[in-house]
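Here are a few notes to read alongside the structure. Please go through them in order, with the picture open.

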Amino acid sequence: MPLVIITGLPSSGKTTRALELKRLLEARIEARIEAEAEAEAAAGQPLSVQIVGDDSLGVGHAAYAAAQAEKDARGALLSAVSRAVSRQTIVIADAPNYIKGLRYQLYCAAREVGTTHCVVHCAIPTAEARRINAQRGAAGYDAAVFEALAARYEEPSAAARWDRPLFTLIQHDPDDRLPLAAIWAALVERRAPPPHFAT
Ligand code: ADP
Ligand code: MG
């Protein structure tokens with residue numbers, strides 16, 4: 001039910017983080033179900049985690065090279081997310097989500113069904129993302145697409161309600177851990193994270 005909006009530059013580690021977050025949330029759900037009575041676990045709490053994004057929708061990196069294809073990809077993401085939000089599923093939207101208008105629409109989709117949301121920003125210096133992207137070869141984004149997306153990237157801001165709560169992760173820092181407890185508290189317990197998470 002709750003929605004996690006992932007955002008970041010091409011090759012900033014979004015998909016890696018989405019998979020890590022899915023694993024951690026699933027472990028937490030599992031532990032809770034074991035610990036609690038089944039009736040309680042079923043009482044409107046999330047029971048599963050689903051990633052919806054460019055990979056699951058079959059949107060290739062090339063879609064970002066053409067305005068219409070990109071618009072279609074955004075529409076597909078929005079409708080897939082809107083369909084997936086159900087009472088008991090945490091949806092992770094793994095796509096660039098670099099336009100604030102799209103993040104606003106995703107936020108509205110979560111609100112429409114009365115659920116929570118948060119934004120996870122895979123922050124990385126542009127030069128570093130460019131280097132990793134080039135290393136990926138065919139698996140990465142075309143160099144021109146990378147530059148266009150980097151130039152158009154609209155960073156999330158905790159000042160905007162649709163970008164809040166905002167968790168900023170410093171990518172490729174081996175000491176940087178996903179703040180699972182704070183994300184869980186925001187999504188499931190509707191508790192705002194401590195101020196140092198809001199950047
Ligand atoms: P995105 O989904 O944002 O395009 P990916 O998660 O696919 O990015 O990661 C891009 C590349 O960076 C991949 O080759 C991945 O293995 C690598 N990568 C991701 N996270 C890390 C990390 N924490 N440290 C080092 N390399 C990473
Ligand atoms: Mg990806």
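Which residues on the other side of H6 are exposed? Point 4 gives the answer.

1. The model is a predicted one. Its chain contains eight helices and five strands. Read from the N terminus, these elements come in the order β-α-α-β-α-α-β-α-β-α-α-β-α.

2. For a chain of 199 residues, the globule rule gives a radius of gyration of 16 Å, and the value here is 17 Å, so the chain is as compact as a globular protein of that length. Along the principal axes, the C-alpha atoms fill a box of roughly 55 × 35 × 30 Å.

3. Of the 199 residues in the chain, 35% are buried. Among contacts with a separation of 6 or more, 78% are between residues 24 or more positions apart.

4. Helix H6 covers residues 126-135, and its buried residues are Ala129, Arg130 and Asn133. These residues lie on the same side of H6 because they cover an arc of only 100° around the axis. To return to the opening question, the exposed residues on the other side of H6 are Ala127, Arg131 and Gln135.

5. What do the buried residues of H6 pack against? Their partner is helix H7, residues 143-152.

6. Gly137 follows H6. The phi of Gly137 is positive, near 60°.

Terms used: Residues numbered from 1 in each chain as written. Chains lettered and ligands numbered in written order. Predicted model: local features only at pLDDT ≥ 70, side-chain atom pairs only at ≥ 80, totals over all residues. Helix = DSSP H or I, 4+ residues; strand = E, 2+ residues; numbered from the N terminus. Rg over C-alpha atoms; globule rule 2.2 N^0.38 Å. Buried ≥ 20, exposed ≤ 12 C-beta atoms within 10 Å, placed from the backbone. Contact = placed C-beta atoms within 7 Å. Arc of directions from axis to C-beta.
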